[in-house]
Amino acid sequence: MQLSLNSKVKDVCKHPLGRDIVEKLLLQLGKSSWLVDNPIVGNLSLKTIKVIVGKKVGPGFFDVVLDLLNSELDSPRADIVSPTPAWWKEAVFYQVYPRSFTDQGIPGIIDKLDYLQNLGVDAIWLSPVYDSPNDDNGYDIRDYYSIMREFGTMEDMDALISGLHSRGMKLVMDLVVNHTSDEHQWFKEALDNESSPYRDFYFFRKSHANRNGHDDRAEHDSSISLGDKKSYDGKPPNNWTSFFGGPAWNYYPEQDIWALHLFSKKQMDLNWENPALREEIYKMVRWWLAKGVDGFRLDVINYISKFEGLPDGDDFIGQLMKYTGVERYFYGPRLHEYLKELRQEAFEPFKAFSVGETPGIGLRAGRLLTDEYRKELDLIFSFDHLEAPGKTRFDDYQYDLVHLKDHYVKHLNFDGGHGWHTLFYNNHDNPRMISKIDSSGLYAKPLAKLLAVLQMTLRGTPFIYQGDEIGAKNENFASMDDIHDVESHGIYNDYLAEGLGPEAAFKRILAGTRDHARVMMKWDEVLRQQGVNESDADLSVLRFYQDIIRWRRQTCACVYGTLEFLDAKTKDVFRYKRLHEDGNIFVEANLGINAAKSASQEGFMFVIGNYSDGFGDLRPYEVRVYEH
Ligand code: ISL
């Protein structure tokens, strides 16, 4: 059904994307869903709501939202099915960030394959190792077909693939196809020659002639010299902003043209509307798969379809989401079509695996991307569980695990068996989760083990990020000089431009910088944790990870068992069962530091926990796993 201003709030809530957006808003505002689900509000028309909130949200808001909702006509299936078995549902993945896993590039990773195998890992997701000028640590690819020199050679890559395969492990590479480096041959040719066939591989646009008023972002853009600013009329083609600070458009004075970059100024967005570009991408994916790669993690893959004409973003949404324009591409009108095509043309012939990185995608849209019958992606990474309601990554606050529990209760059974989930707490883009929960570090060890248990026993595929297995924490960076990430510096400059003092701006960067997760892997700590003479009662985090992964492997309930939450409404304690014909498990976890009553279940025997024994009240962040 097409929605219009005559539609009612309840119609919007019935729409999958509409419901996702409403829920996201309610979460941000800390309000209960009763606010929209009660019949009085539910029966109000959007026209009436517009009269009530119109001033606050501005004139274009409703049109923009309706445009977005009307671009999605499908709904997830309502029936319940049993999940089909797949290797990637059973596997434990481990993300390697090659710049800091070792300082030896790909040969360094090969040296650590035995370590990973001993840990119990089945597959690695390798962040980009392609040739790149490294403006964004390899997420700015210059040549998809060659390896970054400092990481090694194509022969090293082949050796990595065979080293993994000979150990029965798999390799998932990073696929960055929303953008390329501005040093990619396609972009260079496209910029230099207006009639190049590559011109339409990107978004080149003239200044927006009709934009009203003077856009002072141009004056603040220090990358453009004063002389150039004369020819540059201060009007980028639209008002979108970049995730890495400043406008999402780069101006090329010699050609008097702008090009779109949602990320850094050197990461130019690709135009997926162009079939020739899509064919180049599919060809490249097939080339890697033919080499033996087992699948891909698809970088910001939900951004590849932009609304036609690249219309301005809504200012109110921009303020709310911190980035202007996102609603014009985070769930674009041709996204499903492109994903189906990519799967069919490149993944399907190799039975390859895909996990999409999909920032901003909610529960229902997530199903439309991953439900098996839709033949799009196998899995997605969404990030709603990584921050508490109303908080962003750059807020300095204490993360409450009750949010995590609420998130899981809502999400993990929602796919009715048609889809599957990813279970992760860290990656190369986020500060360390255990530091967000407890900045004192006092509970780092029990917390690291608690997260390991949740990750290995909930319904979904675990993705360990390098360092999780030794309980890695945030770093004590002293100033911006210690920070290398292009995102942190871009956002820091935005903060200064907004009037924040250098100290306050640094404090925010310190809370959210991606560098916490990008420092060198602490191999001395690995050695220590491997070697310490410890009692079973106080295993190192590393030994605990090994144990729980090994146990997961032999416990079918952990993978395919049905998931049943107990006491879902009880705060502070998280209890669930996984039920399977080969045996059941029961997990209980104290989500805070106050003692909590244990409610062990009849017939279940204690298997593993993060304290010395499984008796009495639950201690701070204690988790216990039982079997029956
Ligand atoms: O969308 C965001 C904020 O809402 C960003 O956090 C965004 O999700 C994230 O930065 C996207 O990450 C991926 O693409 C980037 C790269 O820098 C990251 O390392 C990568 O994981 C651009 O390729």
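The shell around the ligand is made up of eight nonpolar, three polar and eight charged residues; here Ala, Val, Leu, Ile, Met, Phe, Trp, Tyr, Cys and Pro count as nonpolar, Asp, Glu, Lys and Arg as charged, and the others, Gly among them, as polar. This is a predicted model, where local features need pLDDT of at least 70, side-chain atom pairs count only at pLDDT 80 or more, and totals for chains, interfaces and linings use all residues. Residues are numbered from 1 along each chain as its sequence is written, and side-chain values use heavy atoms, leaving out hydrogens and water.

Of the 19 residues around the ligand (a heavy atom within 4 Å), Asp-136, His-179, Asp-299, His-428 and Asp-429 come nearest. Here are some polar contacts to look at, each a pair of N or O atoms within 3.5 Å.

| Side chain (N or O atom) | Distance to a ligand oxygen atom |
|---|---|
| Glu-357 | 3.0 Å |
| His-428 | 2.9 Å |
| Arg-518 | 3.5 Å |

Taken alone, the ligand exposes 500 Å², and the protein buries 88% of that (Shrake-Rupley method, 1.4 Å probe).

Now to helix H22, residues 486-497; helices are DSSP runs of H or I with at least four residues, numbered from the N terminus. At 1.5 Å a residue, its twelve residues should span 16 Å, which agrees with the 17 Å between its end C-alpha atoms; the expected span is 1.5 Å times one less than the number of residues. Beyond H22 comes Gly-499, with a positive phi near 105 degrees.

Key. Helix = DSSP H or I, 4+ residues; strand = E, 2+ residues; numbered from the N terminus. Polar contact = N/O pair within 3.5 Å; in protein donor to acceptor, adjacent residues only side chain to side chain.
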